[in-house]
Amino acid sequence: MGKLVLIDGNSIAFRAFYALPLLTNATGTYTNAVYGFTMMLLKVLEEEKPTHLLVAFDAGKTTFRHNDYQKYKGKREKTPGELSEQIPLIKEVLDAFQIRSFELEGYEADDIIGTLAHSPEAEGLETLIVSGDKDLLQLVNDHVQVLMTRKGVTETERYDVKAVDERYGLTPGQIIDLKGLMGDPSDNIPGIPGVGEKTALKLLHQFPTVEEIIEHADELPGKKLQEKVREHADQALLSKKLATIYTEVPLEFGVSDLKLPPTDLKKVSEVFKKLEFKTLLNRIHTGGETGEEVREAEPEQISYQIVTADHRDETEKVLKQDQLAVYVEMTEENPHRAEVTGIAVSDGKAQLYIPMETARHWEAFQAWLADGNRRKIVYDVKKTMVSLENKGFQTDGFQFDVLLAAYLLNPSESRYELSDMVERHLQGFLPSDEEVYGKGAKRRALEGEELARHLARKTSAICQLYPVLLKELEQADLYDLMCGLEMPLAGVLAGMEQQGVRVDKKRLDDLGIELKESMDRLTDEIYEIAGVEFNINSPKQLGEILFDKLGLPVLKKTKTGYSTSADVLERLAPQHEIVEKILHYRQVGKLYSTYIEGLKKEIGRDGKIHTQFHQTITATGRLSSTEPNLQNIPIRLEEGRRIRQVFVPSKEGWYMLAADYSQVELRVLAHLSEDESLQYAFKHGLDIHTQTAMDVFGVSETEVTPLMRRHAKAVNFGIVYGISDFGLSQNLNITRKEAKDFIDRYFETYPGVKRYMDTVVKQAKKEGFVTTLLGRRRYLPDINSRNFNLRSFAERTAMNTPIQGTAADIIKYAMVEMDKRMKEEKLESRMLLQVHDELIFEVPEEELPVMRTLVPEVMEGALPLSVPLQVDVNVGKSWYEAK
DNA sequence: GTATTCACG
DNA sequence: ACGTACGTGAATACC
């Protein structure tokens, strides 16, 4: 059987335009919508293998619908010029594929699609409609399905009759009734005011059509709703009519005219070249295409030389050059455990592969590695340093890290593998590690020539990336941040990781035994009360016990069933004694599995834990920590806080010193917003939450109750997160209205903050990104989205990122400076950990006085703000005691 | 592999 | 009307 695919051209182009950043090609033409559209087209061709295909577009300004309703699509903002100029390009792409594109004056794309999908001719075919518009769901039947864009352009969701029922509980025919009731603000279709999707679905489950709902208006739940339905009955009927797709458009062709000829790869390549779609070009050549003639992309030839003991002297002249790329290959991701398999260097033309065996005995090479004047370009400087230094090599002279550069250019990417970067910044191709080594069980080690070639390609790629990224950094004003902060910080972090934190194994075991006993006891008690044994760790089984068996009220649901999260359980606790036990069990279980068992696994042969700090993970500029994560060791509850007793100094008689910034984020806000009241509070050393409570509630210091302070504190946090009344109401368990009042009063009290928040969002909408104090960027592609959720999230992010990111800038700066000062003063103390707003050191007793002064001095002075920074220092025999 | 939960700032 | 707090990592269950 054949397959007919009908694409809603405007809808997909629209989707693509807003999902992708405004790309341009060399001629300055915008191509993001064309690119996204083409990605979708390729996906459909590859995955659906259609025999017949048509792309329908909307034509002109007015359609027959305007006869019924003048305001149809009246409020819709004009299609931006950047998008409309891309429509002809999309048609060019379609021409190259020899795909029919079609539009007809007076009709919308929907109507053309509907006419074809429901034509008698289509009945013998499987039909698939591709769109981002829910309306098209009305066309679904036994042989018509809809592929709807979900997120971005290529993430889709397939709807058949069953899927429509699962999603809405409606037949496809009822979609028009749904829209009749709800309306659609983007098309200026009114519907019934005050009726959203929830209410509309409830009504349609009671009566199947708009007509019947109107007829039985008296039987509807709630007087107000009845009134609204009666009052706006005409409007609902009109809305339904407007939403109905017209399936009898006079077309001069039929389905059989839409037959898809074999792809002419030459034509397609030409268009792709013109548009500079280099990765797509690769894709059509490397397979997956519908037709014949699948041509393998030529793997680029790369030259390399394997250096062995016999002829290493002749290669020594390569090392004389003042700048080379170097890459270290390892057996695993974690450099603290990995073995080095080999090292490669490149000057951009020649590549050398140096097996570990050679490197170990080659003094000239070792001298080159250790020479600060021999500049090295690397991918992942920290990992490179750690792995080489662990094997006894000294290192210096790292000039530029392409990984850090790529991160600064866009910290929101999910992957920064070399292969990704070659594609992203060079529009080139490099096989990924996964492709080369395989994954999971298929993973294998490379050796000899194969390994040498792969590493040669990598180092060569690093060489090519360097000038491109350098230029991009300069253009984005990120060069100083790179060389003045992130590069030096990487060295500091490498040192901290290698130093590691000493663990008191005995204490860890003892705590483990204690927690295990506690867990066993709670398990017995819970089984006893429940009357059955079950897996308390399974939210599913737990939900069945709590809500089905014991009949507790369901306060919150998740996608898959009942929610059993702590905030739900806390509210249920007064109703049944089992709940408290479960909460306690969860708490103890977490401590045991994550912190006792989890930490034990990570203790090295030296009795220390060597975490990895990641410098390119967060979108805000913060660090993250893994294997293990030492940035989330418990502190809030005493029972968990005791875990900190296991972290001790590595030498007898030394101390742990913890220094934390007090309220950095709010101080940063005071600085960025220039709000006078907020600045006043910090300049006069007032307790900020009490001060906020006084200001917001209009009371004197002595009148501030603990509850008022708690509320003020939550508002302060909320402000930093990019506040919403809903979020605050959830946090404080109050109504939205009350939360809104708090926020309004806060902004009245601190008008500078309000002004700042508005400015930063406005700027993000204009520029497409926000920045921190040091110019660190974060792009917010959804900031102008029509989707309320995406847009709101982007707006909150716009408010939060400069604050969180500036705080990250500050402590990073302090770390670099602190490392420098400790070396200058020849101190033996060592910086061990960073936890976002605090630094942990181990300190010999005789250095305590100097460190107690030096650390806060450096941290407070890191980046001068218009308000003072305040650092509190604590010392103890373990991390626990340094409080 | 995804979802849920919970530890931290 | 929409449906949310910002940023992370790890363990566990379940498909």
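1. Two strands are taken to pair if DSSP finds at least two bridges between them, and strands (E, at least two residues) and helices (H or I, at least four) are DSSP runs numbered from the N terminus. On that basis Val328 stands opposite Ile343 in S9, within an antiparallel pairing of strand S8 (residues 323-330) with strand S9 (residues 340-346) that extends over six bridges.

2. A remark on provenance belongs here. This is a predicted model, in which local features need pLDDT of at least 70 and side-chain atom pairs count only at pLDDT 80 or more, while totals for chains, interfaces and linings use all residues. Residues are numbered from 1 along each chain as its sequence is written, chains are lettered from A and ligands numbered from 1 in the order in which they are written, and side-chain values use heavy atoms, with hydrogens and water left out.

3. The sheet that holds S8 and S9 is an open one of six strands in the order S7-S10-S9-S8-S11-S12, with mixed pairing. Its edges are strand S7 (305-306) and strand S12 (398-401), each of which has a single partner strand, so one side of each is left without a neighbour in the sheet.

4. Another open sheet is built from four strands in the order S23-S24-S20-S25, and here the pairing is antiparallel. Strand S23 (830-834) and strand S25 (871-876) are the edge strands, each pairing on one side only. Neighbouring strands of this sheet are turned against each other by 25° on average, direction ignored, where axes are lines fitted to C-alpha atoms (for helices over the stretch in contact) and angles run from 0 to 180 degrees between N-to-C directions. Strand S20 (residues 654-661) is joined to S25 by six bridges in the antiparallel sense, and Tyr661 stands opposite Val871 in S25.

5. Two helices pack on this four-stranded sheet, contact meaning heavy atoms within 4.5 Å. Helix H23 (residues 479-499) touches S23 and strand S24 (838-844), with a direction that makes about 95° with that of S23. H36 touches S20, S23 and S24, and its direction makes about 165° with that of S23.

6. Helix H36 (residues 788-824) also packs against helix H37 (residues 848-861), at an angle of about 145° and with the axes 9 Å apart. From H36 the contact includes Ala814, Met818 and Met822, and from H37 it includes Leu854, Val855 and Val858. By class, the residues of the contact of H36 with H37 divide into eight nonpolar, no polar and three charged, where Ala, Val, Leu, Ile, Met, Phe, Trp, Tyr, Cys and Pro count as nonpolar, Asp, Glu, Lys and Arg as charged, and the others, Gly among them, as polar.

7. DNA strand B is surrounded by 22 residues, of which Arg586, Lys590, Ile635, Arg636 and Asp837 are the closest, a residue being near a strand if one of its heavy atoms lies within 4 Å of it. Sugar and phosphate account for 76% of the atoms of DNA strand B that come within 4 Å of the protein.

8. Sugar or phosphate supplies 60% of the atoms of DNA strand C within 4 Å of the protein, and bases supply the rest. One base contact places a side-chain N or O atom of Arg736 3.2 Å from a base oxygen of DNA strand C, whereas Asn535 has a side-chain N or O atom 2.9 Å from a phosphate oxygen. H36 gives the most to the surface near DNA strand C, with seven residues, and by class that surface has nine nonpolar, 23 polar and nine charged residues.

9. Two backbone details deserve a check. A cis peptide bond, with omega of about -5°, joins Glu627 and Pro628, and Pro628 is placed in the loop between S18 and helix H28 (638-641). Asp477, although not a glycine, has a positive phi of about 60°, and Asp477 lies in the loop between helix H22 (448-475) and H23.

Definitions and conventions:
A polar contact is a pair of N or O atoms within 3.5 Å; within protein, one must be able to donate a hydrogen and the other to accept it, and residues adjacent in sequence count only if both atoms are side-chain atoms.
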